[in-house]
Amino acid sequence: MNSPMQEVSVEEFAIALENFSPEDTQLIDVREPQEVATASISGFINLPLSEYEQWSDQIHQQLDAEKETFVICHHGVRSAQMCYWLKQQGFSNVKNISGGIDAYSCAIDPSVPRY
């Protein structure tokens, strides 16, 4: 049976980000490149869902299925889709950042532009 997707609040993510270590944690942003150019959080790799065909077959070369993996988008819908897909690919510790970068901007870091 597939375990339910883990959701974390932007507050929980902010705490995780304070202790961020690239050796232990992966950060994925599934928004479009122009969205990332508008507003972003450092440390995330951009894998736009619309470009799935270009990166999907390389996912195990690019990322470690065992590492804690946080996924973000604008409001949390596309990142949820990515989390489900990653779990299907064998990723064991995937977390959707609920509310996305918009909620992060509102609750955590107002210097991150809203759009």
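**Group meeting talk: a walk through one predicted model**

Hi everyone, let's start at one residue: serine 79, which sits in helix H5, covering residues 77–88. Before going on, please keep in mind that this is a predicted model.

Is serine 79 buried or exposed? It is buried, because its relative accessible area is 0% and the cut-off for buried is under 20%. What surrounds this serine? Leaving aside residues up to four places away in sequence, serine 79 touches Val30, Val71, Ile72, Cys73, Asn96 and Ile97. With one of these neighbours, asparagine 96, there is also a polar contact: the two side chains are joined at 2.4 Å.

Glutamine 6 is part of strand E1, residues 6–8. Which residues does glutamine 6 touch? Not counting residues up to four places away in sequence, they are Asn93, Val94, Lys95 and Asn96. Take asparagine 93 as an example: it is 87 residues away from glutamine 6 along the chain, but their C-alpha atoms are separated by 8.4 Å.

Now let's move to helix H6, residues 100–107. Its buried residues are Gly100, Ile101, Asp102, Tyr104 and Ser105. What covers them? The cover includes helix H1 (10–18), strand E4 (68–72) and strand E5 (94–97).

Time to step back and look at the whole chain. How many helices and strands does the protein chain have? There are six helices and five strands. If you trace them from the N terminus, the order reads β-α-β-α-β-α-α-β-α-β-α. The radius of gyration is 13 Å, close to the 13 Å that the globule rule gives for 115 residues, so the chain is as compact as a globular protein of that length. Along the principal axes, the C-alpha atoms fill a box of roughly 35 × 25 × 25 Å.

The accessible surface is about 6,100 Å², and carbon and sulfur atoms contribute 49% of it. On contacts, if we take those between residues at least 6 apart in sequence, 66% of them join residues at least 24 apart.

Notes: Residues numbered from 1 in each chain as written. Predicted model: local features only at pLDDT ≥ 70, side-chain atom pairs only at ≥ 80, totals over all residues. Heavy atoms only, no water. Helix = DSSP H or I, 4+ residues; strand = E, 2+ residues; numbered from the N terminus. Rg over C-alpha atoms; globule rule 2.2 N^0.38 Å. Contact = heavy atoms within 4.5 Å. Areas by Shrake-Rupley, 256 points an atom, 1.4 Å probe, with all protein chains shown as cover. Buried < 20%, exposed > 50% of the residue type's maximum accessible area, 1.4 Å probe, protein only. Polar contact = N/O pair within 3.5 Å; in protein donor to acceptor, adjacent residues only side chain to side chain.
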